[in-house]
Amino acid sequence: MTQRQRWILCITSLYSLLLLPVWDTALVPLSALTAFIIALRQGAFSLVRQHYAAVLGCWALLMVVNVAASVMPAKAFTGGFHILRGLSMFMPALLLAPLVPAPIRYRTLQGLVVLVAIGALGLLIQIAPATDHYEGLLLLSYDWFGNLHNLVNVMAGVLIAALVLGITARCRRDRMLALVTGLPVVLLLLWLSSEGAWIALLISLAAGCILFAGRGLQLLAWLGIAGLTVLLHLFYLTPELAQQLTGLELGSLVARTEIYTALLASWLDAPWLGWGFSTYKYLPAAQVAGVEYLYPHHLYLEALFSAGLVGCLLLLLLFRALGRYIDWSAVRSDPLALLGFLLLCYTAAKGLTDMKLFSAQTFSLFGFCFGLMSRLPVHSEPALQAQWSASDRAIRPADPVRQSVG
């Protein structure tokens with residue numbers, strides 16, 4: 001593998017990961033396809049077939065069961081195809097560690113974070129004259145990013161990446177750069193006023209504490225995650241309690257309560273096998289109080305509604321197989337593996353209030369995160385190890401970039 005191919009694989013993979021939420025605007029499908037083709041040419045499919053056959057088996061069984069039971073088989077088949085399409089991003093992510101040297105991975109992530117931070121600064125300057133910053137960003141998001149949530153998720157992901165860069169940097173310059181790039185992103189998130197994003201960021205921070213802190217802080221972090229999750233769902237059950245405690249008119253919370261109530265009532269008519277992937281918006285459950293919703297705004301309830309209890313079990317088995325070679329020592333030491341872990345935590349938490357599950361974007365995120373966290377046994381892949389050794393030797397030990405990132 002040439003040095004140019006390593007850079008292209010790294011840039012296209014990380015670009016796709018960070019900008020997944022603004023899928024069409026950022027031309028992510030083109031970038032993701034480029035990374036996928038490079039991964040295929042480097043033998044990624046043979047690795048998946050050898051080490052992750054169970055993932056393909058779970059997906060195939062899930063497809064057969066879901067399509068056969070669905071009231072809209074064609075829609076369910078399309079949704080299942082999007083799952084596979086998204087999981088294909090697991091392959092380039094899996095190859096980044098063995099084929100791309102650490103300094104290239106670090107500098108690529110750093111450069112992309114800087115570029116997105118410059119974009120965030122541009123948005124701040126553009127919206128600053130507006131009387132209502134939130135309304136201005138809302139209109140701009142619908143024009144350019146599909147909806148406000150997409151912009152929120154990009155900024156949250158970049159903020160996590162900046163935090164990872166700041167934590168793992170070994171020189172003051174890189175730490176200062178991470179801090180500076182994080183400032184406009186934080187301000188933009190404040191203007192975007194997404195309570196769900198801040199809850200997800202807090203849960204991700206708590207997950208990071210569980211990963212690195214001592215037992216006392218770990219226990220507090222677990223209690224914090226459990227407390228936020230329980231409190232949020234208590235508010236869903238009794239939105240009037242949330243309004244009494246906060247003194248605010250929480251229209252979004254009330255709307256979600258109505259969505260979830262209608263969804264669960266419909267799920268009870270097909271509890272075991274569900275209604276089928278990507279069918280929600282076409283069914284009566286999506287019609288709530290005169291409003292038609294495109295997705296349920298809750299990943300776990302969407303999984304229950306679409307796949308039923310049997311399908312949820314198969315999904316869990318699929319993710320278990322996908323995480324077969326997660327290396328927790330790599331997650332604690334490698335910036336990209338840590339980024340994958342925190343983004344996965346953010347998605348799991350943000351899924352309590354928003355996000356669509358059965359889409360190529362969401363499963364691409366899962367594929368990227370699991371791939372970044374995984375490390376295949378070195379002895380089982382001598383060809384990959386040889387390529388990594390050659391690329392690693394090509395970087396001089398005295399290289400200051402290598403010394404700064406380890």
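**A tour of salt bridges and a surface patch**

Select Asp174 and Arg107: the two form a salt bridge, with the closest N and O atoms 3.2 Å apart. The model on screen is a predicted one. This pair links distant parts of the chain, since Asp174 sits in helix α10 (residues 172–192) and Arg107 in helix α7 (residues 102–127), 67 residues apart. Both Asp174 and Arg107 are buried.

Asp174 counts as buried because its relative accessible area is 2%, under the 20% cut-off. Arg173 has 57% relative accessibility and therefore counts as exposed.

Next, select Arg375 and Asp334. Their salt bridge has its closest N and O atoms 3.4 Å apart. Arg375 lies in the loop between α18 (360–373) and α19 (382–393), and Asp334 in the loop between α16 (328–333) and α17 (335–350), so the pair ties together parts 41 residues apart in sequence. Arg375 is partly exposed, at 21% relative accessibility, whereas Asp334 is buried, at 11% relative accessible area. The structure holds 5 salt bridges.

Last, move to the surface and select Leu163, Ile167, Leu202 and Leu205. They form a nonpolar patch with about 390 Å² of accessible area together. The elements giving two or more residues to the nonpolar patch are α9 (148–168) and α11 (195–212). Leu163 belongs to helix α9 and, at 41% relative accessibility, counts as partly exposed.

Conventions
Residues are numbered from 1 along each chain as its sequence is written. This is a predicted model: local features need pLDDT of at least 70, side-chain atom pairs count only at pLDDT 80 or more; totals for chains, interfaces and linings use all residues. Side-chain values use heavy atoms; hydrogens and water are left out. Patches are made of residues with over 30% relative accessible area and no salt bridge: like charges are joined within 9 Å, nonpolar side chains (Val, Leu, Ile, Met, Phe, Trp, Tyr) within 5 Å. Accessible areas come from the Shrake-Rupley method with a 1.4 Å probe; for residues, only the protein chains shown count as cover. A salt bridge is a side-chain nitrogen of Lys or Arg within 4 Å of a carboxyl oxygen of Asp or Glu. Helices (H or I, at least four residues) and strands (E, at least two) are DSSP runs, numbered from the N terminus. Buried means under 20% relative accessible area, exposed over 50%, partly exposed in between (1.4 Å probe, protein chains only).
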